[in-house]
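Please read the following briefing alongside the sequence and the structure, which are shown first.

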Amino acid sequence: MDKRARFLAALARQPVDRPPVWLMRQAGRYLPGYRAVRAEHGFWDVCHTPELSTRVALEPLKKFPLDAAIVFSDILIVPEALGAGVTFEKGEGPVFERTMRSRDDLKQWNTTGLMERLAFMPNAVRHLAKTLAGSHGILGFAGAPFTLFAYSVEGGGSDDFRHARAMLTTDPGLARDAMNLFADAIAELCLAQLAAGADAVQLFDTWGGLLDKADYRAFAVPALNRAAATIRKAGKPVILFIKGGMHLLEVIKDIEVDGVSLDWRTSYSEARAALPGKLLQGQLDPVLLFGSEAAVRERTRAVLDEINRLPGGPGGCIVNLGHGILPQTPETNVAALVDEVVRWRA
Ligand code: CP3
């Protein structure tokens with residue numbers, strides 16, 4: 001099977017010779033080719049320029065026999081295009097110039113012409129698709145409404161996102177309105193990426209795991225379903241990633257997404273039992289890649305064997321990490337992981 005055919009078959013939950021593999025943040029700072037581009041261009045410039053975005057997205061494909069590419073961009077392009085003023089300070093993560101803490105703040109968001117301001121992202125997908133010419137699968141993506149809401153209220157990264165989570169009780173109506181606004185924006189953005197050549201889209205709910213079941217069900221799920229209902233009209237799969245979402249499996253079951261990307265603490269067997277019929281992706285620990293090569297190979301084989309033993313068979317599974325590759329990850333271990341998948345046969 002060629003790479004794209006394997007990726008499309010897995011997405012369609014059809015039989016494959018082996019599960020396809022791609023890695024979250026596969027085009028990140030651990031690659032010298034990425035750092036070289038960043039030495040000459042700002043992060044937003046790379047996102048805004050289809051040629052640079054594609055150049056960076058291709059770096060990992062040149063090094064490792066991955067089955068799919070992910071368009072190079074960021075989830076925070078949406079709050080940035082709404083007017084939040086997002087920058088990345090060295091070592092500090094994202095910083096928002098304007099936070100969303102009141103109804104007035106929400107009114108300040110500029111939704112007029114939003115999709116025109118975000119057109120660079122589907123344009124990057126189109127450029128990537130044209131360059132790859134069918135050699136690899138292509139993933140588009142967006143931030144999930146709760147995670148975009150969390151960053152926008154907090155104004156950057158946080159351990160507990162206390163301002164955002166407090167708003168769920170102090171002004172639940174405002175929180176819902178903001179999440180619905182994000183839901184509509186990401187739905188349109190994902191549709192544009194699918195029309196531009198993406199084979200599937202992934203919604204990143206990186207901070208969704210901070211919520212308990214009741215709050216996830218009450219706040220995150222309605223906005224996710226609102227977005228997913230629109231995106232799925234394109235007839236291509238929607239995959240949801242939640243970091244630390246093992247306590248949410250029972251809630252995730254009822255979300256209208258086609259697939260779920262598992263973090264490293266959620267096993268395929270547990271997920272298959274809790275989410276019958278859903279496409280599953282994941283779930284190797286990104287920190288494993290800082291350990292020995294022997295351990296990387298052994299754990300990768302263990303996940304493949306677990307996938308192969310799943311009730312209902314290994315179809316509909318995509319090998320990935322349980323979160324993004326970290327900066328400074330040794331490339332040799334990334335190569336070892338991908339090599340084990342490529343060589344594996346049932
Ligand atoms: O290969 C790929 O997956 C690259 C495309 C990609 C990036 N960000 C590039 C990026 C994707 C899919 C993302 C998603 C993203 N962005 C998420 C969800 C996934 C996750 O990791 O949980 C989140 C939470 C963000 C928000 C964000 N953007 C953060 C926290 C950071 C890092 C800040 C830091 O300095 O550590 C960014 C910036 C960013 N996005 C970088 C990259 C490669 C690093 C920017 C740089 O070059 O300095």
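Gln283 is placed in strand β8 (residues 279-284), where strands are DSSP runs of E with at least two residues and helices are DSSP runs of H or I with at least four, both numbered from the N terminus. The peptide bond that leads from Gly282 to Gln283 is cis, with omega near -10 degrees.

This is a predicted model, in which local features need pLDDT of at least 70 and side-chain atom pairs count only at pLDDT 80 or more, while totals for chains, interfaces and linings use all residues. Residues are numbered from 1 along each chain as its sequence is written, and side-chain values use heavy atoms, with hydrogens and water left out.

**Backbone: positive phi values**

- Phe161, in the loop between α9 and α10 (162-170), has a phi near 45 degrees, which is a positive value in a residue other than glycine.
- Phe161 is buried, with a relative accessible area of 0%; buried means under 20% relative accessible area, exposed over 50%, and partly exposed in between, with a 1.4 Å probe and protein chains only.
- Gln328, found in the loop between β9 (317-321) and α16, is not a glycine either, and has a positive phi of about 75 degrees.
- With 70% relative accessibility, Gln328 counts as exposed.

**Helix packing**

- Helix α9 (residues 145-154) packs with α11 at an angle of about 120 degrees, and their axes are 8 Å apart; axes are lines fitted to C-alpha atoms, for helices over the stretch in contact, and angles run from 0 to 180 degrees between N-to-C directions.
- The two helices α9 and α11 are therefore oblique to each other, given that angles under 35 degrees count as roughly parallel, over 145 as roughly antiparallel, 65 to 115 as roughly perpendicular and the rest as oblique.
- On the α9 side the contact is made by Pro145, Phe146, Leu148, Phe149 and Ser152, and on the α11 side by Ala175, Ala178, Met179, Phe182, Ala183 and Ile186, where contact means heavy atoms within 4.5 Å.
- The residues of this contact of α9 with α11 divide into 10 nonpolar, 1 polar and no charged; Ala, Val, Leu, Ile, Met, Phe, Trp, Tyr, Cys and Pro count as nonpolar, Asp, Glu, Lys and Arg as charged, and the others, Gly among them, as polar.
- The axes of α11 and α12 come within 8 Å and cross at roughly 25 degrees, and the two helices α11 and α12 are therefore roughly parallel to each other.
- Residues that make the contact between them include Met179, Ala183 and Ile186 of α11, and Ala223, Arg226 and Ala227 of α12.
- The contact of α11 with α12 has residues that divide into 13 nonpolar, 2 polar and 3 charged.

**Salt bridges**

- A search of the whole structure finds 22 salt bridges, each being a side-chain nitrogen of Lys or Arg within 4 Å of a carboxyl oxygen of Asp or Glu.
- One of the salt bridges joins the side chains of Asp199 and Arg4 (2.7 Å, N to O); because Asp199 lies in the loop between α11 (172-195) and β5 (200-205) and Arg4 in helix α1 (residues 3-11), the pair ties together parts that are 195 residues apart in sequence.
- Asp199 counts as buried at 6% relative accessibility, whereas Arg4 counts as partly exposed at 28%.
- The side chains of Arg297 and Asp339 also meet in a salt bridge (2.9 Å, N to O), and the pair links distant parts of the chain, with Arg297 in helix α15 (residues 293-308) and Asp339 in helix α16 (residues 331-343), 42 residues apart.
- A network of salt bridges links Glu293, Arg297, Arg301, Asp339, Glu340 and Arg343.

**Buried residues and their contacts**

- Thr300 is placed in helix α15 and is buried, with a relative accessible area of 0%.
- Leaving aside residues up to four places away in sequence, Thr300 touches Leu284, Leu337, Glu340 and Val341.
- Ala271, in helix α14 (residues 268-274), counts as buried at 0% relative accessibility.
- With residues up to four places away in sequence again not counted, Ala271 touches Leu249, Leu262 and Leu280.
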